[in-house]
Amino acid sequence: MRTDSEFGSFFLPGPTEVRKEVLAAMLKPMIPHRSTEFEELFGRLQVGLRSVFLTSRPVFIAASSGTGMMEAAVRAVPPGRILSLVNGAFSERFAHIAEMCSRDVDRYEVPWGSVHSADELDSRLSKGGYRAITVVQSETSTGALNDVRRLSDVAHSRGALCLIDSVSGLGGAELRFDDWKLDYVLTGSQKALALPPGLAFAVASAELVELASQVEGRGVYFDIVEMDRFASKNQTPATPAFSLMYALEVQLEAIAREGIENRWERHEEMLDRTTSWLIESSRQTGIAWENIVEEGNRSPTVSTIRLPEGMSGKPFVARVKENGIQVATGYGKLGDTTFRIGHMGDHNVSTLERCFAACERAAAG
Ligand code: PLP
């Protein structure tokens, strides 16, 4: 078992490394969920979560993984076609969920590692008839970062809602729900928020909740109208995952102490250091590795790095592990040729240096 002094060995792009203090909070006893004690806990969590999403809206807390709140988003959209912006595995999942919820879906696809163009989106939406777009801010399968603020503005100018997956973005990449006038943003606990998996969070604008209330067949568990109704009473519709909420409370206190803008800055520093390390390391060791995403489009939370010819994903990651550090293989079709570093959550430039050193040792054989 890892101890605090060993923090800084687990660099998956989710789940991410969780501090011992956060894990320990889960040992607290249960409480009745229809109680003042729970409502007070929920109220405290709202304060912390609102300052992460930068919103005055309620933040829904679901006992689910992020995928659940993707489905909740789709189920809230009034009838009409959905345009899914696809640039990797998770944005494809969003499109798939919409299809499996019987929605009429078109895809605006760009190659894995690329981001979406606001102009091209505008042109596609101008053909009319779209009720919503789905988009992923930080595409964890590649490390590409979409400009969700611009894409959302374009969607709105064409009368479409914008549903944003920020599962590996929120808490690490800049996002301002109220200032950017967003409709819906979802995330999961196990990424840049550095909590155990099992909670998903989402914010919906008042307008979206109102629109959703007219939608038939929204289901029950992932109905944002019910979530909104219960959140206004500091409650959840079904039994909450207390233990994870205790952990969340401790982590939100730490995030508040750091300040959300400082947290974004720390993530930017980790991305910058990853970029400079790749350049220095290639020069010094002769290992030809590079980020698959163009500079300027990179997520501050995850990097996908192309391995030199002759080196393959799984054995490389296994060798890094022998050096005491866990990184991830590339996702899906990138599995053989790349690996991924999750530089998110409670990591910083100095824990990251240990990861780089282990990667270099592994590459040296
Ligand atoms: N969206 C993105 C960008 C993700 O990275 C993930 C998981 O890695 C998901 C959605 C799905 O989240 P979950 O596995 O929590 O359901």
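Predicted model: local features only at pLDDT ≥ 70, side-chain atom pairs only at ≥ 80, totals over all residues.

**Cavity and pocket**

The count comes to 1 cavity of 30 Å³ or more, and the space in the largest cavity is about 50 Å³. Its lining is made up of Phe42, Val59, Phe60, Ile61, Met227, Ala231, Gln235, Thr236 and Pro237, and the elements giving two or more residues to this lining are strand 1 (60–63) and helix 8 (224–231). The largest pocket, for its part, has 23 lining residues, of which Leu145, Asn146, Gly296, Asn297 and Arg298 lie nearest its centre. Helix 6 (148–157) and helix 10 each contribute at least two residues to the lining of this pocket. The table sets out the volumes and the make-up of the two linings.

| Space | Volume | Lining residues by class |
|---|---|---|
| Largest cavity | about 50 Å³ | 7 nonpolar, 2 polar, no charged |
| Largest pocket | about 390 Å³ | 9 nonpolar, 6 polar, 8 charged |

**Sheet and packed helix**

An open sheet is formed by 4 strands in the order 10-11-13-12, with antiparallel pairing. Strand 10 (290–291) and strand 12 (328–329) are the edge strands, each of them pairing on one side only. Between strand 10 and strand 11 (residues 302–306), which run antiparallel, there are 2 bridges, and Glu290 stands opposite Arg306 of strand 11. Helix 10 (residues 260–285) packs on this sheet, where it touches strand 10, strand 11 and strand 13 (338–342), and the direction of the helix makes about 15 degrees with that of strand 11. Helix 10 is also one of the elements that supply at least two residues to the lining of the largest pocket.

**Arg354**

Arg354 belongs to helix 12 (residues 349–364). Leaving aside residues up to four places away in sequence, Arg354 touches Glu6, Phe7, Gly8 and Ile325. As for Ala192, which is 162 residues from Arg354 along the chain, the C-alpha atoms of the two are separated by 19 Å.

Notes: Residues numbered from 1 in each chain as written. Heavy atoms only, no water. 1 Å grid on protein atoms, 1.4 Å probe; cavity = no way out; pocket = protein on both sides within 12 Å on 5 of 7 lines; lining within 4 Å. Points joined across faces, edges and corners; volume = space filled by probe spheres on them. Nonpolar A, V, L, I, M, F, W, Y, C, P; charged D, E, K, R; others polar. Pairing = 2+ DSSP bridges. Contact = heavy atoms within 4.5 Å. Axes fitted to C-alpha atoms, helices over the stretch in contact; angles between N-to-C directions.
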